[in-house]
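User: I am new to reading protein models. Can you take me through this one, feature by feature?

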Amino acid sequence: MPVHTAEWLISSDIVEEVAFRIDIPGGDQGRWIVSFLPPEFRLTEAQALTCLELAEMVLLALESPVGTLELELARIRATELELSLDDLMWLLATRSSTLREDSAPETSGSSSQA
């Protein structure tokens with residue numbers, strides 16, 4: 001899967017989601033925030049990487065059938081984040097619809113009626 005890791009950022013070629021490392025002084029320094037999770041989720045780098053990999057798995061599953069083994073693997077990986085796979089999919093769907101709304105071109109409110 002084309003997930004890219006850098007010192008401060010984890011990104012993907014497949015999904016628009018990212019993870020950022022927190023580097024401000026404090027108890028969460030060195031922890032990671034993932035774009036589709038609520039900001040109070042402060043994760044390890046491994047957990048952030050799992051998030052991006054699961055986001056890719058979910059998106060790819062929408063395009064082609066997923067076998068039982070892949071689905072079970074996704075469920076196991078989601079529990080590493082203390083989330084169910086269903087919760088993770090809802091969070092991704094909510095984020096995806098928000099991204100689409102934000103990028104939709106504005107339409108003029110004028111329409112002609114007879």
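Analyst: Here is a short tour, from the overall fold down to single residues. This is a predicted model, in which local features need pLDDT of at least 70 and side-chain atom pairs count only at pLDDT 80 or more, while totals for chains, interfaces and linings use all residues. Residues are numbered from 1 along each chain as its sequence is written, and side-chain values use heavy atoms, with hydrogens and water left out.

User: How many helices and strands are there?

Analyst: Start with the rule. Helices (H or I, at least four residues) and strands (E, at least two) are DSSP runs, numbered from the N terminus. This protein has 3 helices and 4 strands. Along the sequence they follow the pattern β-β-β-β-α-α-α.

User: What share of the residues counts as buried?

Analyst: The cut-offs come first. Buried means under 20% relative accessible area, exposed means over 50%, and partly exposed lies in between (1.4 Å probe, protein chains only). Of the 114 residues here, 28% count as buried. Now the surface. Accessible areas come from the Shrake-Rupley method with a 1.4 Å probe, and for residues only the protein chains shown count as cover. The protein exposes about 7,600 Å². Carbon and sulfur atoms supply 55% of that area.

User: Where does Leu52 lie, and which residues does Leu52 touch?

Analyst: Contact means heavy atoms within 4.5 Å. Leu52 lies in helix 1. At 0% relative accessibility, Leu52 counts as buried. Leaving out residues up to four places away in sequence, Leu52 touches Val3, Ile10, Ser11, Ser12, Val15, Glu17, Val18, Ala19 and Val34. Take Ala19: 33 residues separate Ala19 from Leu52 along the chain, yet their C-alpha atoms are 7.8 Å apart. Across the protein, consider contacts with a separation of 6 or more: residues 24 or more positions apart account for 42% of them.

User: Where is Ser35 found, and what does Ser35 touch?

Analyst: Ser35 is found in the loop between strand 4 and helix 1. Ser35 is partly exposed, with a relative accessible area of 22%. Beyond residues up to four places away in sequence, Ser35 touches Glu17, Val18 and Arg95. Ser35 and Leu52 are 17 residues apart in sequence, and their C-alpha atoms are 9.5 Å apart in space.

User: How many salt bridges does a search of the whole structure find?

Analyst: A salt bridge is a side-chain nitrogen of Lys or Arg within 4 Å of a carboxyl oxygen of Asp or Glu. The search finds 4. One of the pairs is Arg77 with Glu53, at 2.6 Å from N to O. Arg77 lies in helix 2 (residues 68–79) and Glu53 in helix 1, so this pair ties together parts 24 residues apart in sequence. Arg77 is buried, with a relative accessible area of 18%.

User: What about Arg42 and Asp28: how far apart are their closest N and O atoms?

Analyst: The closest N and O atoms are 2.9 Å apart, and the two residues form a salt bridge. Arg42 is in the loop between strand 4 (32–34) and helix 1 (45–63), and Asp28 is in the loop between strand 3 (19–21) and strand 4. The pair links distant parts of the chain, 14 residues apart. Arg42 is partly exposed at 29% relative accessibility. Asp28 is partly exposed too, at 33%.
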